[in-house]
Amino acid sequence: MDAGPIPSSPAPRSRWRPEGCDQIALVLQGGGALGAYQAGVYQALHEAGLEPDWIAGVSIGSINGVIIAGNPPERRLERLEEFWDTITARPVVPFLDHRLLDGDLPRRAFHGLSSSLAMTLGQPGFFTPRVPNPWLAPRGARGATSIYDTAPLRATLERLVDFDLLNSRAVRYAAGAVNVATGNFYFFDSAHQEIGPEHAMASGALPPALPMVRIGTDFYWDGGVVSNTPLQHLLDHAGSSNLLVFQVDLFGARGPVPRDMYDVLARQKDIQYSSRTRMVTDMFMRLHRDKMMMRQLLAKIPEEKLDESEKKLKKELSSLPEIAILHLIYQQKAHECENKDYDFSASSMRDHWKSGYRDTRATLQHEDWLRMPSEEQGMVMHDVHRAMD
């Protein structure tokens, strides 16, 4: 078990963008305790001078995202560390050196105890159990619709995030949630509205554990109930900006065939929450190619033979963006099972953080992946794990 400290961060490289890149985007999937992997990804990007201009997140991705977007670059990493240290501060077994655990079964037992403690006691700075139990609360009572109270999370976000800075729009921020009454997916986007802690909390309000969040007259749950990736929101609103996108997923659509019931439960969760990110990306790549083909065909038709709608389409297609997507996916460890997303032990947090850091550094070694695609290519995707298959 890798339970050493979070990698120390050297002096970061000066901020830069690849040639032809208008914006760097960070797209963060949901995944509870696995979100420390995204913090490791950000650390590696920060060190490389690749600071995001746009962050879109769902669930824990929206919480990591609001901490990054709501702090100046020089404070982002320390604020992320403070958040993850806060919510994993309670020891699982006092005085036990986690590095002494050897083999998958002892590790599974340790992480099973950690997740059981999270379910029983909650997590500091994040959520606490409701008293009385919601099953005993009167129908319609405030505490009747969730197992935990997330007031500690609001206090944590208010302490760690400068919402005035966030709403200055230096970094665009979007958090995906689902309207409880309509079932519609919705993005709270700083380009269109003022963002507060409640927007990130709504995006991470996974039922029945965490309470729905009221914003205006509506109530919202975790966006992962409908879609666990905000990639589509980003691509739908790319406009004509050339984007370098770091898509960070915490559940992988691809994985080994299960060998026991622990594996079955973990694999089922991976498939359920992966949200078919690669399918969405492939769909947008096909649409992009179709638009490029349509642009070429319209260019061959004399202007006087086009009607007004065709002229409008030709103008829209004249400024298609060039998009490079670097896909990073957390790879489940052999000793992990279905409780991996609510195992808030400090050792697991550090392990996930370092995995994200290593994967991102390996990705950035492929310098050709950081080049923007040509106009003929339009849109490309790279995945260091797929490259190793």
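Helix H2 (residues 60-69) packs against helix H3 (residues 73-87) at an angle of about 140°, and their axes lie 9 Å apart. H2 is therefore oblique to H3, where angles under 35 degrees count as roughly parallel, over 145 as roughly antiparallel, 65 to 115 as roughly perpendicular and the rest as oblique. The model is predicted, so local features need pLDDT of at least 70 and side-chain atom pairs count only at pLDDT 80 or more, while totals for chains, interfaces and linings use all residues. Residues are numbered from 1 along each chain as its sequence is written, and side-chain values use heavy atoms, with hydrogens and water left out.

- The contact (heavy atoms within 4.5 Å) involves Ile60, Ile63, Asn64, Ile67 and Ile68 of H2, together with Arg76, Arg79, Leu80, Phe83 and Trp84 of H3.
- The contact residues of H2 and H3 comprise 7 nonpolar, 1 polar and 2 charged.

- In strand E5 (residues 172-179), 7 of the 8 residues are buried, that is, under 20% relative accessible area.
- Strands pair if DSSP finds at least two bridges between them; E5 pairs with strand E2 (residues 54-58) in the parallel sense over 5 bridges.
- Val58 is opposite Gly176 of E5.
- With strand E6 (residues 185-189), E5 pairs in the antiparallel sense over 5 bridges, and Ala174 has Asp189 of E6 as its bridge partner.
- The hairpin of E5 and E6 has 5 residues between the strands, and Gly183 there takes a positive phi near 75°.
- With strand E8 (residues 218-222), E5 pairs in the antiparallel sense over 3 bridges, and Trp221 of E8 is the bridge partner of Val178.

Methods: Axes are lines fitted to C-alpha atoms, for helices over the stretch in contact, and angles run from 0 to 180 degrees between N-to-C directions. Helices (H or I, at least four residues) and strands (E, at least two) are DSSP runs, numbered from the N terminus. Ala, Val, Leu, Ile, Met, Phe, Trp, Tyr, Cys and Pro count as nonpolar, Asp, Glu, Lys and Arg as charged, and the others, Gly among them, as polar. Buried means under 20% relative accessible area, exposed over 50%, partly exposed in between (1.4 Å probe, protein chains only).
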